[in-house]
Amino acid sequence: MQKWEYLVAKWVGDDAPKVQLVNGEALPDSDSHNLHTFLSQAGEDGWELVGTVNRGASPAGLLIFKRPKS
């Protein structure tokens, strides 16, 4: 039976969204955490984006990823 591991990332920002939290852990403020770079790196690491949660009118949301557990 296939087992999965999950990653949840919180992003914030309008014009230049950045990822602030990954699995509840704060990331240091860095340009390397801009949303595009984060998504590209997650894909390189084998993570598949499987869902999103929008935070209403605020410029924030959650990204939910999964990958096969090794």
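User: Which ring does the charged end of Lys66 sit over, and how many Å from its centre?

Analyst: This is a predicted model, in which local features need pLDDT of at least 70, side-chain atom pairs count only at pLDDT 80 or more, and totals for chains, interfaces and linings use all residues. Residues are numbered from 1 along each chain as its sequence is written, and side-chain values use heavy atoms, with hydrogens and water left out. A charge sits over a ring if NZ of Lys or CZ of Arg is within 6 Å of the ring centre and within 35 degrees of the ring normal. For Lys66 the ring is that of Trp4, and the distance from its centre is 3.8 Å.

User: Which residues of helix α1 are buried?

Analyst: Helices (H or I, at least four residues) and strands (E, at least two) are DSSP runs, numbered from the N terminus. Buried means under 20% relative accessible area, exposed over 50% and partly exposed in between, with a 1.4 Å probe and protein chains only. In α1, residues 35-44, the buried ones are Leu35, Phe38 and Ala42.

User: Is Gly43 buried, partly exposed or exposed?

Analyst: Gly43 is found in helix α1. Because its relative accessibility is 42%, Gly43 counts as partly exposed.

User: How many residues apart in sequence are the parts tied together by the aromatic pair?

Analyst: Rings of Phe, Tyr and Trp (its six-membered ring) pair if their centres lie within 6.5 Å; planes under 30 degrees apart count as stacked, over 60 as edge-to-face and the rest as tilted. A search of the whole structure finds one such pair. Phe38 and Phe65 form it edge-to-face, at 6.1 Å centre to centre and 70° between the planes. Phe38 lies in helix α1 and Phe65 in strand β5, so the parts tied together are 27 residues apart in sequence.
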